[in-house]
Amino acid sequence: MGSAGDARSAQLAELRRRMAAIPARGVEVVERPPTAAELHRELLPVPSALAGLLPEGGVPKGAVVAYSGASSLLTGLLAAVTGAGGYAAAVGLPRLGLLAAAEMGADLGRLAVISEPGPDPVEVAAVLLDGLDLVVVGLAGISVPPSRTRVLAARARSKGATLVVTGGAWSGPMLRIDSRIAGYSGLGRGRGRLRSMRLDVCVRGRSAPERTGTLGLHPRDGRVEWFVPESDSSPTVGAARDVAS
């Protein structure tokens, strides 16, 4: 006899119960919003190859990041955070490869996966921000109203949790990261073994110069590792551009 609304409420209640069971990340995060200086000091772990393209050498905790492009970089972010002892969640990303995440060093015991969050993945993400270090949410093509993005940005900032949104329209993120597959090595005419993959990456921050570069991904000693190709050791810095809109 239960309605879809009842099921939705039960799902959110269960998420809140699970969030309450996660060890606290510090009393200060709960008692007051972090100052701007604290946000700049505390950075979320990221793949080392990506750090050189980011304005501060990392993603500030409490930031909102809009991402588009290859899913491997999202997987790398989740792996970096959980592998460093943090907690993360992937919402609305049914094609997320858990094996790939584990090969990149993810601690799957610290990763919550909600492949089908229902019609409002943003609401689910808002609940998860209460107790996690990183929440990656697939928007399934929706355009989130600015009034709502501001509320979520304030919530992420107050909780010291980083929100990464992908697959939809989101206004006013702190960072925009775009990537595309630039090529593979090791494959001949339909034959051979894949040795590496390259991604062209572009990072834009608020009033910060645009940075572009190439990242590589290759298997090594039973794991999959990120690296910076030798020909692309220095990022290209462009003119400053505001991404608030």
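Helices (H or I, at least four residues) and strands (E, at least two) are DSSP runs here, numbered from the N terminus. The model is predicted: local features need pLDDT of at least 70 and side-chain atom pairs pLDDT 80 or more, while totals for chains, interfaces and linings use all residues. Residues count from 1 along each chain as its sequence is written, and side-chain values use heavy atoms, leaving out hydrogens and water.

**Stop one: D120.** Select D120, in the loop between β5 (111–114) and α7 (121–128). Its relative accessible area is 19%, so D120 is buried (under 20% relative accessible area; exposed is over 50%, partly exposed in between; 1.4 Å probe, protein chains only). Now show the side chain of R148: a polar contact of 2.9 Å joins it to that of D120. (A polar contact is a pair of N or O atoms within 3.5 Å; within protein, one must be able to donate a hydrogen and the other to accept it, and residues adjacent in sequence count only if both atoms are side-chain atoms.)

**Stop two: α7.** Carry on into α7, where seven of the eight residues are buried, so the helix is largely enclosed by the rest of the structure. Among the buried ones are P121, V122 and L128.

**Stop three: α8.** Next, pick residues 146–159, which form α8. Which residues of α8 are buried? Color T149, L152, A153 and A156. Just after α8, check G160, with a positive phi of about 70°.

**Stop four: the cores.** A nonpolar core is a set of buried Ala, Val, Leu, Ile, Met, Phe, Trp, Tyr and Cys residues joined through side-chain atoms within 4.5 Å. The largest has 38 residues, with L50, L73, L134 and V201 making the most contacts inside it. Helix α5 (residues 71–83) gives the most to this core: six residues. A second, separate core of 25 residues includes Y87, V124, V144 and A153.

**Last stop: the hairpin.** Select β10 (residues 208–220) and β11 (residues 223–227). On β11, V224 and W226 make up the covered face, with R223, E225 and F227 on the uncovered one. P219 stands opposite V224. Between the strands are two residues, and D221 takes a positive phi near 50°.

Conventions:
The expected span of a helix is 1.5 Å times one less than its number of residues. Two strands pair if DSSP finds at least two bridges between them.
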